[in-house]
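Here is a short note to read beside the model. Please keep the structure open and find each residue as you go.

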Amino acid sequence: MTDVGDDAPDFTGSLVDGDIEPFRLSDHLGDEPVVLAFFPAAFSNTCTDEMEALRDGFDRDDCTLFGVSTDLPHALGAYRAQYDLPFALVADPDHRAIEAYDVIEAFEGYGVETVAQRAVFVIDADGTVTYRWLADNAGQEPDYEALDEAVADATA
């Protein structure tokens with residue numbers, strides 16, 4: 001399990017930021033803290049509430065935020081457009097990210113067996129995990145004030 005103080009595991013996926021292109025986490029480390037917000041499924045109620053909270057009430061000025069889901073890239077593109085998300089999403093259909101961070105949630109339905117557990121990690125410019133939050137259940141959202149503080153601490 002990736003924990004505070006660990007080097008952030010690198011992973012690849014697809015970056016969904018208007019276009020779809022290859023993504024490697026290590027390419028985005030070094031300038032400012034990176035926030036990885038893992039969420040189970042695009043277009044679901046709690047996930048949309050979380051992404052809208054990150055869009056509307058979270059200060060993204062001092063970090064790079066990525067929403068990470070096992071959804072396919074084109075689904076995340078439609079989701080990002082529908083909810084006007086100003087941050088990039090990372091498609092992880094091959095489960096590289098959720099396995100690297102050990103945030104795997106069993107899921108029965110729609111032909112899917114596993115999704116991302118709702119979780120948030122803050123990674124400082126040196127590539128060290130400085131904050132970790134894991135949901136106790138899929139309906140639980142992160143403590144956004146604690147996340148703001150974690151990003152501020154990671155920039156210090």
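1. **Terms and source.** Helices (H or I, at least four residues) and strands (E, at least two) are DSSP runs, numbered from the N terminus. This is a predicted model: local features need pLDDT of at least 70, side-chain atom pairs count only at pLDDT 80 or more, and totals for chains, interfaces and linings use all residues. Residues are numbered from 1 along each chain as its sequence is written, and side-chain values use heavy atoms, with hydrogens and water left out.

2. Glu145 lies in helix H4, residues 144-155. Glu145 is exposed, at 62% relative accessibility. (Buried means under 20% relative accessible area, exposed over 50%, partly exposed in between; 1.4 Å probe, protein chains only.) Asp143, Glu145, Glu149 and Asp153 form a negative surface patch. Such a patch takes residues with over 30% relative accessible area and no salt bridge, and joins like charges within 9 Å. Asp and Glu count as negative. The place of a charge is CG of Asp or CD of Glu.

3. **Helix H1 and the annotated cysteine.** UniProt lists Cys47 for "active site", in an unreviewed entry. Such annotations may be inferred rather than shown by experiment. Cys47 sits in helix H1, residues 45-56. Cys47 is buried, with a relative accessible area of 1%.

4. A salt bridge is a side-chain nitrogen of Lys or Arg within 4 Å of a carboxyl oxygen of Asp or Glu. By this rule there are six. One of them joins Glu50 and Arg118, with the closest N and O atoms 2.6 Å apart. Glu50 is in helix H1 and Arg118 in the loop between strands E7 (112-116) and E8 (119-123), so the pair ties together parts 68 residues apart in sequence. Glu50 is buried at 0%. Arg118 is buried too, at 2%.

5. Arg24 pairs with Asp10, and their closest N and O atoms are 3.1 Å apart. Arg24 lies in strand E2 (residues 19-24) and Asp10 in the segment before strand E1 (12-17), so this pair links parts 14 residues apart in sequence. Arg24 is partly exposed, at 38%. Asp10 is partly exposed, at 35%.

6. **Two positive phi values.** Asp84 is exposed, at 61%. His95 has a positive phi near 65°. His95 is in the loop between E5 and helix H3 (96-100).

Conventions. Patches are made of residues with over 30% relative accessible area and no salt bridge: like charges are joined within 9 Å, nonpolar side chains (Val, Leu, Ile, Met, Phe, Trp, Tyr) within 5 Å. Accessible areas come from the Shrake-Rupley method with a 1.4 Å probe; for residues, only the protein chains shown count as cover.
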